[in-house]
Amino acid sequence: MATMTSGFSSMYSSDFARPDWLTAEHETGTTICAIEFDGGVVIGADSRTTTGAYIANRVTDKLTKVTDYIYCCRSGSAADTQAIADIVNYHLNFYKMEHGEEPLVKMAGHVFKDMCYNYRDSLTAGILVAGWDKREGGQVYNIPLGGMITRSPFSIGGSGSTYLYGYVDSNYRPNMSKEECLKFIANAVSLAINRDGSSGGIVRLATITKDGVERFTLTGDQIPKFYEDS
Amino acid sequence: MSILAYNGAAVIAMKGKECVAIAADRRFGIQAQTVNTDFQKIFEMGPRVYIGLPGLATDVQTVAQRLQFKLNLYELRENRRIKPKTFMSMVSNLLYERRFGPYFVEPVIAGLDPKTNEPFVASMDLIGCPMVTNDFVVSGTCSEQMYGMCESLWEPDMEPDDLFETISQALLNALDRDAVSGWGAVVYVIEKDKVTRKELKTRMD
């Protein structure tokens, strides 16, 4: 609304004159996706962080390392998920030093779960934990808002995931190859980016196997295209 | 969320040398979800008078329809085309009539005077306060971003082709920093002998 403001700032000015993007929390609105295959996992995410409707970061990296063989996909509050991932990274590093071996993906998942469940009233964090370990191979664990943990062959999360349930349910097949998984996730994230205002930017992908982590980025024309009106 | 940000929109109008340009995004969304990518936000109100309506989508359509009605009666009574400045006053009056229960649109007007072909741009708030400028006007959910782009890119007396490039870049880069606008864009360049409509290829995110 156009207003004639006078020189001094009244004590109430901070209440209604401050724009949304100065006060709103940074949210990774997000679309995240993770899938197991024989030999490891493939994970993917979009790259948008918003403060209200303002895009604070359009090249965010939401695929965060917690160990050399375990990554997490972050959705929800940017601050909360970064803090949790840092703390989990500390715990798992400690485990590795104590035991002299890589922690299991299940352990990483449960460390995340403990924090997300015990502080559930203070946190807004939806996390996918995915990685490879020598006991069980590739695993994906989904830890949504309340702090429960479930393992499944593929998982989706974030505000954009609501647009993907139909796609993943109809297109997922067990025992896909690594390349098929990469295509599956790239398609999924692109579809969500097209519909969800809180998701956008580029598509970040990563594969985790016994040989370690390999990262990919899809920008501009590399992002899969689907039906558009114009 | 603010009601003006419920559907999300972005509109710019700029003055050039004996021409004006008006551009808008094409998204129709409901909060974070995008429903359609061909929603019309710029309406022709006479051969050289255009209005861009960002804001609540239902009011965008209602205000456009009500204005067209008032304009038709004006043209029948006066037997001539309306001047952009007079049209601005008509819009202002329509919005202020609803002072205490307003239409949630913040219009942008661009046009050429029917007799002198003088370029004209103006914008107003949702209760009809008009603002006429000599360079550009912006309105929408990413108005801060558009102001930044326009202040940097605009210069006076641009030819129609340059004006098209400038307004397109200003709009596109502002759109890319707003989560609720974008998904396509359209630009109208209005000169005294023709109006060109172009659709821009944008990021669809």
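Let me start with one residue, B:L67. Setting aside residues up to four places away in sequence, B:L67 touches B:M45, B:I51, B:F87, B:M90, B:V91 and B:L94. Please keep in mind that this is a predicted model.

Several of those names come back when we look at the nonpolar cores. The largest nonpolar core has 26 residues. B:L67 is among the residues with the most contacts inside this core, and so are B:M45, B:I51, B:L53, B:F87, B:V91 and B:I109. Which elements of chain B give two or more residues to this core? They are the strands β6, residues 49–52, and β8, residues 119–124, together with the helices α1, residues 57–78, and α2, residues 84–96. The element that gives the most is α1(B), with seven residues.

Next, the interface. On the chain B side, 25 residues are in contact with 27 residues of chain A. How is the size of an interface often given? As the accessible area lost when the parts come together. Here, chain B and chain A bury about 2,000 Å² between them, and 45% of that is on carbon and sulfur atoms. Three residues stand out on the chain B side: B:R177, B:M204 and B:D205 supply 28% of the area that chain B buries against chain A, more than any other three residues.

One of those three, B:D205, also forms a salt bridge, and its partner is A:R48. The closest N and O atoms of that pair are 3.3 Å apart. The count of salt bridges between chain B and chain A is one. For residue pairs in polar contact, with both residues at pLDDT 80 or more, the count between the two chains is ten.

Which elements of chain B give two or more residues to the side that touches chain A? They are β4, residues 33–36, and α3, residues 143–153. β4(B) gives the most, with four residues. By type, the residues on this side of chain B divide into nine nonpolar, five polar and eleven charged.

Now over to chain A. Chain A has six helices and 13 strands. Of its 230 residues, 49% count as buried. Among contacts in chain A between residues at least 6 apart in sequence, 62% join residues at least 24 apart.

Is A:T67 buried or exposed? A:T67 has a relative accessible area of 9%, so it counts as buried. The side chain of A:T67 reaches the backbone nitrogen of A:I70 at 3.0 Å. Leaving aside neighbours within four places in sequence, A:T67 is in contact with A:L92, A:E102 and A:P103.

The other is A:T209, in strand β12 of chain A, residues 203–209. A:T209 is buried too, because its relative accessible area is 13%, and the cut-off is under 20%. What does A:T209 touch, not counting residues up to four places away in sequence? The list is A:F37, A:G39, A:G40, A:Y69 and A:W132. There is also a C-alpha distance to mention: A:T209 and A:D133 are 76 residues apart along the chain, and their C-alpha atoms are separated by 8.4 Å.

That is where I will stop.

Technical notes. Residues numbered from 1 in each chain as written. Chains lettered and ligands numbered in written order. Predicted model: local features only at pLDDT ≥ 70, side-chain atom pairs only at ≥ 80, totals over all residues. Heavy atoms only, no water. Core = buried A, V, L, I, M, F, W, Y, C linked by side-chain atoms within 4.5 Å. Buried < 20%, exposed > 50% of the residue type's maximum accessible area, 1.4 Å probe, protein only. Contact = heavy atoms within 4.5 Å. Buried area = accessible area lost by both parts, 1.4 Å probe. Salt bridge = Lys/Arg side-chain N within 4 Å of Asp/Glu carboxyl O. Polar contact = N/O pair within 3.5 Å; in protein donor to acceptor, adjacent residues only side chain to side chain. Nonpolar A, V, L, I, M, F, W, Y, C, P; charged D, E, K, R; others polar.
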